[in-house]
Amino acid sequence: MNAYTQLYINGQWLAPLAGGTFETFDPSSEALITRVAAATAADVDLAVQAARHAFDEGPWPHMSGAQRAVVLRRIAQGIRDRQQALAELEVRDNGKPLPEALWDIADTAGCFDFYADLAEDLDSHLEQPIALADERFSSVARKEPVGVAAAIIPWNFPMLMAAWKVAPALAAGCCMVLKPSELTPLTAIELARIADAAGLPAGVLNMLPGLGHEAGAALAEHPGIDKVAFTGSVPTGSRIMQAAARDIKNISLELGGKSPFIIFADSDIEAAVEWIMFGIFWNQGQVCSATSRVLVQRELYVPLLERLKQEVEKVKIGNGFEQGVLLGPLVSQGQYDKVLAAIARGQEDGARLVYGGARPDGFDCGFYVQPTIFADVPQDSWIWKEEIFGPVVCINAFDEETEAVRSANDSRFGLAAAVMSHDLERAERVARKLRAGIVWINCSQPTFTEAPWGGYKHSGIGRELGEWGLGNYLETKQITRYDSDQAWGWYLK
């Protein structure tokens, strides 16, 4: 574990200039895992200079997409070769169950393969001819990398969220500086090792673990950065947007959510219960798109609550390495305290606690919280309106479709939403009325690298994944040529 006390800058592993470190803990036991290098503003400056030189003077932006794809596929294979070890490291650092971590690491490798394909395809679409009204001129629209990108990622899907930014940025020809969350930095450091072994040129990817208010703020504000991509909380996203505005930086933000799930009375109750649980208890509810506001048509409301409670009582809680565990610990003491405070606030506001709401019996250490169900939640209450980011679901009844849509859209967030009904025409109609960037029909939370990801309103700006994720890291240039042999003749008459 001593290998985590260095930063990755310009293809080299270096001690932080100030020599500082911070601690990362196992959330299942609260035990120290290791000390990690803590980058400061001076290290950020060094990393940005390295990325700037690699972009302005190095080969990476000028390679063909096919050449870049070769390196991206090596990274993907390097991840697959170490899938088990990386997943186990993710469990120790984040707390999620091992099967979930294995899934995340597989998706991470798949993300690099997907953007390798898009990098190859980019070669045939770099320039697009433009039809002009004046035949004396010809014009093309050309796609070019945006420049040096800063990627600041969260702690809930540590390696996967890194891939969502690193893979498309590299595919586009950008150079970058990556800052992982100080709560879960370890697999991002391993990603830098894998990229280095894959032959990524020096300076193209720089990796700086560090504290958000030091390394993160310095990175977002650095004048050498052309693009900032951030996933995290709304308050931090707002500060990054303000910092970017001073230099008119290109930004993309993937922020919070309070996603609704509308379930009509004709839905299969077993399917509804399963998707509710997947939508809120996967990754301990620490998912920005979690469908944490459930609206159930009144005829189904009581039987669904009873069936949901029966299934939630069976959920096995424990260390992510234990067989059959579905709910691990929350990521940190701070997150544990926030979730318990939110549960207490919900009870104070008059919501009915159906199940959970406390530390489970038999867990004297670790940041464990029971899966929690609230019903009859006042729609003006804090827990109905604000993101809890934990295994807490709020459920209310509705009578008519228009009422459900109105309630679902009554939020400052607009990341995701879901609707369930056997009447597919109704489900499609409701999906098109929901003000969210991602809408699921008869399911909740499936995520595909090929499809766009992002939200409306306070949930962010821009889209990740798919071709839209690549577009985040490309600029469009117009090149127009005068094709006539004769003088223009405007001034020379």
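## Helices H2 and H6

Let's start with a pair of helices. Helix H2 (residues 65-81) and helix H6 (residues 186-197) cross at roughly 125 degrees, and their axes come within 9 Å. Keep in mind as you look around that this is a predicted model. Angles from 65 to 115 degrees count as roughly perpendicular and those over 145 as roughly antiparallel, and H2 and H6 are therefore oblique to each other. Their crossing is right-handed.

Which residues of H2 and H6 meet? On the H2 side you'll find Ile75, Gly78 and Ile79, and on the H6 side Leu191, Ile194 and Ala195. Sorted by class, the residues of this contact of H2 with H6 come out as five nonpolar, one polar and no charged.

## Helices H3 and H4

Next up are helix H3 (residues 83-94) and helix H4 (residues 98-122), which pack at an angle of about 125 degrees with their axes 8 Å apart. H3 and H4 are therefore oblique to each other, and their crossing is right-handed.

H3 brings Gln83, Gln84, Leu86, Ala87, Glu88, Glu90 and Val91 to the contact, while H4 brings Leu98, Ala101, Leu102, Ile105 and Ala106. The class count for H3 with H4 is eight nonpolar, two polar and two charged residues.

## Helices H9 and H10

To trace the contact on the H9 side, look for Ile269, Glu270, Ala272, Val273, Ile276, Met277 and Phe281; on the H10 side, look for Leu300, Pro303, Leu304, Arg307, Leu308, Glu311 and Val312. How do the residues of the contact of H9 with H10 divide? There are eleven nonpolar, no polar and three charged.

## Arg52, partly exposed in a helix

Now for some single residues. Arg52 is part of helix H1 (residues 41-56). With a relative accessible area of 22%, Arg52 is partly exposed, because the buried class stops at under 20% and the exposed class begins over 50%.

Leaving aside residues up to four places away in sequence, Arg52 touches Val148, Gly224 and Asp226. Two of these contacts come with a distance. The Arg52 side chain reaches the backbone oxygen of Gly224 at 2.9 Å, and a polar contact of 2.9 Å joins the side chains of Arg52 and Asp226. As for Pro391, it is 339 residues from Arg52 along the chain, and the two C-alpha atoms are separated by 42 Å.

## Two buried residues

Is Gln286 buried or exposed? Its relative accessibility is 0%, so Gln286 counts as buried. You'll find Gln286 in the loop between helix H9 (269-281) and strand E13 (293-297). A polar atom of the Gln286 side chain lies 3.1 Å from the backbone nitrogen of Val331. Not counting residues up to four places away in sequence, Gln286 touches Trp155, Asn156, Phe157, Pro329, Leu330, Val331, Gln335 and Phe389.

Ser139 is in strand E6 (residues 137-145). At 6% relative accessibility, Ser139 counts as buried too. Which side chain makes a polar contact with the side chain of Ser139? That would be Thr480, at 2.9 Å. Setting aside residues up to four places away in sequence, the residues that Ser139 touches are Gln128, Pro129, Ile130, Leu132, Gln478, Ile479 and Thr480.

## Two loop residues

Asp364 sits in the loop between strand E14 (352-355) and strand E15 (372-375). Its relative accessibility is 78%, so Asp364 counts as exposed. Where is Ser29 relative to Asp364? In sequence Asp364 and Ser29 are 335 residues apart, but in space they are 9.1 Å apart, C-alpha to C-alpha.

Finally, Ala15 lies in the loop between strand E2 (12-14) and strand E3 (21-25). Not counting residues up to four places away in sequence, Ala15 touches Thr5 and Gln6. Ala15 and Leu434 are 419 residues apart in sequence and 49 Å apart in space, C-alpha to C-alpha.

Definitions and conventions:
Residues are numbered from 1 along each chain as its sequence is written. This is a predicted model: local features need pLDDT of at least 70, side-chain atom pairs count only at pLDDT 80 or more; totals for chains, interfaces and linings use all residues. Side-chain values use heavy atoms; hydrogens and water are left out. Axes are lines fitted to C-alpha atoms, for helices over the stretch in contact, and angles run from 0 to 180 degrees between N-to-C directions. Helices (H or I, at least four residues) and strands (E, at least two) are DSSP runs, numbered from the N terminus. Angles under 35 degrees count as roughly parallel, over 145 as roughly antiparallel, 65 to 115 as roughly perpendicular and the rest as oblique. A crossing is left-handed if the near helix is turned anticlockwise from the far one by less than a right angle, and right-handed if clockwise. Contact means heavy atoms within 4.5 Å. Ala, Val, Leu, Ile, Met, Phe, Trp, Tyr, Cys and Pro count as nonpolar, Asp, Glu, Lys and Arg as charged, and the others, Gly among them, as polar. Buried means under 20% relative accessible area, exposed over 50%, partly exposed in between (1.4 Å probe, protein chains only). A polar contact is a pair of N or O atoms within 3.5 Å; within protein, one must be able to donate a hydrogen and the other to accept it, and residues adjacent in sequence count only if both atoms are side-chain atoms.
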